[in-house]
Amino acid sequence: MKYTLSVVFFLVTIVNNAQSKYYNYNLYDGKDYLFTMSQSNDLMLNSIRYIGQEINSSSITKKEEKIYSTSLLIFTSLIGQAITHEAGHQSVLSELGIGSVNKPFLDKNFVAKVTGVSNETLINLRDNNLPNYIRLHTAGLESDYAYSRKSDMYFNFNEESYKVLYPDYLMRKLGTQLYYFTTLYNSTTRIKEEDSKELDRDVVGNDIYGMIRHLHRPSMEFYRYTERKDLTDEEKSYAKRIGYYSLINFLNPNVWKLGNYKLSKDVVGNFSVNYSLAPFGYFTEQNAYLQIKDRYKLNPYFRQYFNKSYAFFAGGIALHNYTFHDEKFILNSTLDFWEQPKDLAFWAKENEFGIGLKSEFAIRFSKRSNSTKPSAYFNFGMSYKTDGFIPEAPSLSEDFQIHMGIILSLKK
């Protein structure tokens with residue numbers, strides 16, 4: 001039944017008018033906690049877009065435009081990215097029923113963190129559910145990747161301008177990349193685990209070093225704050241591999257403000273190339289963004305997952321913001337399929353196949369009275385996935401979700 005409902009949504013035929021901006025606020029993600037990683041990212045991203053659209057009107061001066069850009073750069077670098085990054089970590093704990101506290105404001109050591117979890121709880125998670133324990137480390141960077149990928153989609157489908165979103169996009173790209181670059185040199189930290197009470201400590205410390213140590217040696221002595229000096233030579237080599245692979249992120253055209261390309265009379269397109277971490281290693285990704293006759297917006301992608309020594313292949317396609325019946329209805333659908341290492345294990349050669357389906361259908365209940373007022377839609381959807389990892393999806397296990405929220409629409 002779960003498959004049938006999703007497939008029916010997925011195969012609906014629609015027509016799109018591409019002259020509107022849509023702001024999706026997902027109010028319910030089928031969970032008994034706030035927020036999932038997806039909710040946090042959508043709330044932050046669409047709020048920035050909506051506020052930026054209101055500020056960057058046609059009457060804005062060059063000086064005011066610079067003030068907006070500078071303000072957004074400062075906001076994202078000091079707090080904006082920290083909120084969604086730490087929410088990524090917290091969402092893993094929330095999905096597992098583990099309470100925690102998100103502290104995105106920088107402390108005296110200039111560190112944002114998630115706290116409120118005991119050593120005993122973390123040891124139990126590591127010893128009994130290693131994939132989720134590793135994901136607890138990688139979820140912050142996973143959230144950064146997912147947020148940037150959504151920004152790419154808005155840019156490449158001509159739903160957002162660089163003037164509105166690029167300062168946020170650039171700072172997030174740079175912040176994420178600086179984190180990856182710490183794997184390429186010897187670094188030390190002033191933060192000592194014993195200097196704070198157990199429940200005041202960050203749940204994982206350095207995301208990448210902690211991930212690497214526990215992937216290679218999950219049964220060694222437990223401590224949270226892994227430093228480079230704690231890694232073996234093999235683990236340091238793996239860390240450098242992560243750092244060098246992350247340079248792929250600079251191949252993304254939007255980093256350089258390279259807009260869409262006219263591929264034919266009826267097709268406009270662009271692409272993005274991404275790199276991020278997974279509960280068993282990391283992945284690379286290639287996206288295409290195709291607008292066909294200004295009516296159909298398609299995002300096919302290919303992805304390559306890597307654990308210690310083996311590669312596994314994945315792909316999918318998304319249908320983005322299709323409207324029909326004079327924009328009374330909006331449909332979004334995605335299909336994901338993958339091969340991933342058996343049991344999401346770092347050392348596994350065997351693979352397991354998985355599939356995910358998601359569809360959301362929005363109905364307009366309030367039409368704009370003039371060009372400056374938004375239309376409003378009630379958005380309802382369902383998703384299903386088998387066992388396995390989908391970036392930004394809450395669970396690594398088989399999961400069925402109901403989604404509800406509001407979509408606001410403004411004319412460009």
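This is a predicted model: local features need pLDDT of at least 70, side-chain atom pairs count only at pLDDT 80 or more; totals for chains, interfaces and linings use all residues.

Guide: Residues are numbered from 1 along each chain as its sequence is written, and side-chain values use heavy atoms, without hydrogens and water.

Visitor: How many of the eleven residues of strand β7 are buried?
Guide: Strands are DSSP runs of E, at least two residues, numbered from the N terminus. Buried means under 20% relative accessible area with a 1.4 Å probe, protein chains only. Strand β7 covers residues 296-306 and is largely enclosed by the rest of the structure, because its buried residues number eight.

Visitor: Which residue in β7 is the bridge partner of Gln 286?
Guide: Strands pair if DSSP finds at least two bridges between them. β6 (residues 281-292) runs antiparallel to β7, with nine bridges. The partner of Gln 286 in β7 is Phe 302.

Visitor: Which residue in β8 is the bridge partner of Tyr 301?
Guide: β7 also pairs with β8 (residues 311-324), antiparallel, over nine bridges. Four residues lie between the two strands of this hairpin. In β8, Tyr 301 has as its partner Gly 316.

Visitor: What is the volume of the largest cavity?
Guide: A cavity is a set of points on a 1 Å grid over the protein atoms alone, where a 1.4 Å probe fits but cannot get out. Points join across faces, edges and corners, and volume is the space filled by probe spheres set on them. For the largest cavity that gives about 970 Å³.

Terms used. Buried means under 20% relative accessible area, exposed over 50%, partly exposed in between (1.4 Å probe, protein chains only). On a 1 Å grid over the protein atoms alone, a cavity is a set of points where a 1.4 Å probe fits but cannot get out, and a pocket is an open set with protein on both sides within 12 Å along at least five of seven lines; lining residues have an atom within 4 Å of a point.
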